[in-house]
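Below is a short note for a colleague who has the structure open. Please read each point against the model.

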Amino acid sequence: MEEFLNKNIKYIIAQYPEVGKILERYNIGCTTCSVGSCLLKDIIEIHNLSPEVEAELLYEIERVVFPGKEVKKRPLRQRAVRPQGEIKYSPPIKKLVDEHVLIKRFIALIEPLCALVDSSKEPDFGLILDCVDFIRNYADKYHHLKEEDVLFKRIGEDLDIIKVMLEDHTTGRNHVKQIIEGARAKDKAWVIEHLKGYKELLTQHIKKEDEILYPWIDRGLSTSDVGKLYVEFSEKDASLPDDFQKRYQDFVKQVEDTLNKRR
Ligand SMILES: [Fe+2]
Ligand SMILES: [Fe+2]
C-alpha cells in the first residue's frame, strides 16, 4: 500500500476508477480535478481527515487495489488534526476569506444576470463590462494576485495543490476574455456561456480554498510566518486608492438592487 500512497491520484483513478468513487463519498473531489498530480498521501494530509476516517478510507482503497487479498485496517495514525466544526483562520488568511465574501455575493448574481440578458431584446452589455471590471480589478488583481504574489510564492508554487489553484485562476481569466469578446459582439449566448463557466469555476475554487487549502496552509504557518504575511497583505492593501473597497462594495450592492427590482 505504501507504494500507492506515493502515486499520483490521476494514475490511481485511471487504473482503479472505483477509488474515485470512494474519494467522492469522503467529499474529496479528485475525479473532477483537471490536474490530478497530487499524491494519495498528500490528498489525505490536506483534507484534514480524522485518524479514524483516514484509516477507514485507506482500508476501502486497499480493498479495491488489492482484490482478493486479506486487508486489515491500519492502526490509527497519531497526528495533529484541526477539530471539526467552525474553521478558525489566522489573521492574514482571514483577510482572504473575507475578500471571498464579496466575490461570493457577486457570483450569486450571475444566474439572475444571465436570465436578464437572455430575456432582454437589447441586453445591457455595458453592465456586463462593469461586471468584468469587478472581476478583473477586485476578484483578480486585488484578491488573486495577493494569493499569487504573496501566499502561493511563500507556500511553494511547485506544490500540486497550488498548481491546481493557479490553473483555476488562468481558466477564470480565459472566461473573462470570452465574456468581453461576447459583449463586444453583442452575442448573448457567448456571454452567458462564459459567465456561467466563471460562476461554476469560482464557486468550487473558493470552496476549495476556504475549506481545504487555507486551513491546511494555516496548520503549517509559524507565528513569524503569520506576522510576515499580514504585513505583506497590508502593504498591498495600502497601495490601493482610498475608495477601492467602497467602490466595489457599492458596485455589488447596486447590481443586487437592480436585479432585485426586476424579480
Ligand atoms: Fe484563488
Ligand atoms: Fe481566493
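1. Overall make-up. This is a predicted model. Along the principal axes, the C-alpha atoms fill a box of roughly 65 × 45 × 30 Å.

2. Burial and contact range. The protein chain has 263 residues, of which 22% count as buried. Contacts between residues at least 6 apart in sequence were also sorted by range: 75% of them join residues at least 24 apart.

3. Helix 6 against helix 10. Helix 6 covers residues 91-119 and helix 10 covers residues 223-238; the two pack with their axes 7 Å apart, at an angle of about 45 degrees. Helix 6 is therefore oblique to helix 10. From helix 6, the contact involves Pro91, Pro92 and Lys95. From helix 10, Val226, Leu229, Tyr230 and Phe233 take part. By class, the residues of this contact are six nonpolar, no polar and one charged.

4. Ile103, also in helix 6. Ile103 is found in helix 6. Is Ile103 buried or exposed? Ile103 is buried, because 23 other C-beta atoms lie within 10 Å, and the cut-off for burial is 20 or more. Apart from neighbours within four places in sequence, Ile103 is in contact with Ala139, His143, Leu202 and Ile206. For Leu202, the separation from Ile103 is 99 residues in sequence, and 8.8 Å in space from C-alpha to C-alpha.

5. Helix 7 takes in residues 125-155, 31 residues in all. How far apart are the end C-alpha atoms of helix 7? They are only 40 Å apart, whereas a straight helix would reach 45 Å at 1.5 Å a residue. Helix 7 also bends by about 35 degrees, and the bend is at Asp140. After helix 7 comes Gly156, with a positive phi near 125 degrees.

6. The buried side of the account for helix 7. The buried residues of helix 7 include Phe125, Ile128, Cys131, Ile135, Tyr138 and Ala139. Further along helix 7, His144, Lys146, Glu147, Leu151 and Phe152 are buried too. An α-helix has 3.6 residues a turn, so residues three or four places apart point the same way. The buried residues of helix 7 pack against helix 6, helix 8 (160-184), helix 9 (188-220), helix 10 and helix 11 (244-261).

7. Val176 in helix 8. Val176 is located in helix 8. It counts as partly exposed because it has 19 C-beta neighbours inside 10 Å, and burial needs 20 or more. Setting aside neighbours within four places in sequence, Val176 touches Val132, Ile135, Arg136 and Tyr198. Val176 and Glu18 are 158 residues apart in sequence, and their C-alpha atoms are 36 Å apart in space.

8. Glu45 is in helix 4 and is partly exposed, with 15 C-beta neighbours inside 10 Å. The C-alpha atoms of Glu45 and Trp216 are separated by 8.4 Å, although the two residues are 171 residues apart along the chain. Arg219 belongs to helix 9. With 14 C-beta neighbours inside 10 Å, Arg219 counts as partly exposed. Between the C-alpha atoms of Arg219 and Asn48 there are 9.8 Å, and 171 residues separate the pair along the chain.

9. Non-glycine residues with positive phi. Asn27 is not a glycine, yet its phi is positive, about 60 degrees. Asn27 lies in the loop between helix 3 (17-25) and helix 4 (40-46). Asn27 is exposed because it has 10 C-beta neighbours inside 10 Å. Lys186, also not a glycine, has a positive phi of about 55 degrees. The loop that holds Lys186 is the one between helix 8 and helix 9. Lys186 is exposed, since there are 11 other C-beta atoms within 10 Å, and the cut-off for exposed is 12 or fewer.

Notes:
Residues are numbered from 1 along each chain as its sequence is written. Chains are lettered from A and ligands numbered from 1 in the order in which they are written. This is a predicted model: local features need pLDDT of at least 70, side-chain atom pairs count only at pLDDT 80 or more; totals for chains, interfaces and linings use all residues. Axes are lines fitted to C-alpha atoms, for helices over the stretch in contact, and angles run from 0 to 180 degrees between N-to-C directions. Helices (H or I, at least four residues) and strands (E, at least two) are DSSP runs, numbered from the N terminus. Angles under 35 degrees count as roughly parallel, over 145 as roughly antiparallel, 65 to 115 as roughly perpendicular and the rest as oblique. Two residues are in contact if their C-beta atoms, placed from the backbone, lie within 7 Å. Ala, Val, Leu, Ile, Met, Phe, Trp, Tyr, Cys and Pro count as nonpolar, Asp, Glu, Lys and Arg as charged, and the others, Gly among them, as polar. The expected span of a helix is 1.5 Å times one less than its number of residues. The bend at a residue is the angle between axes fitted to the seven residues ending there and the seven starting there.
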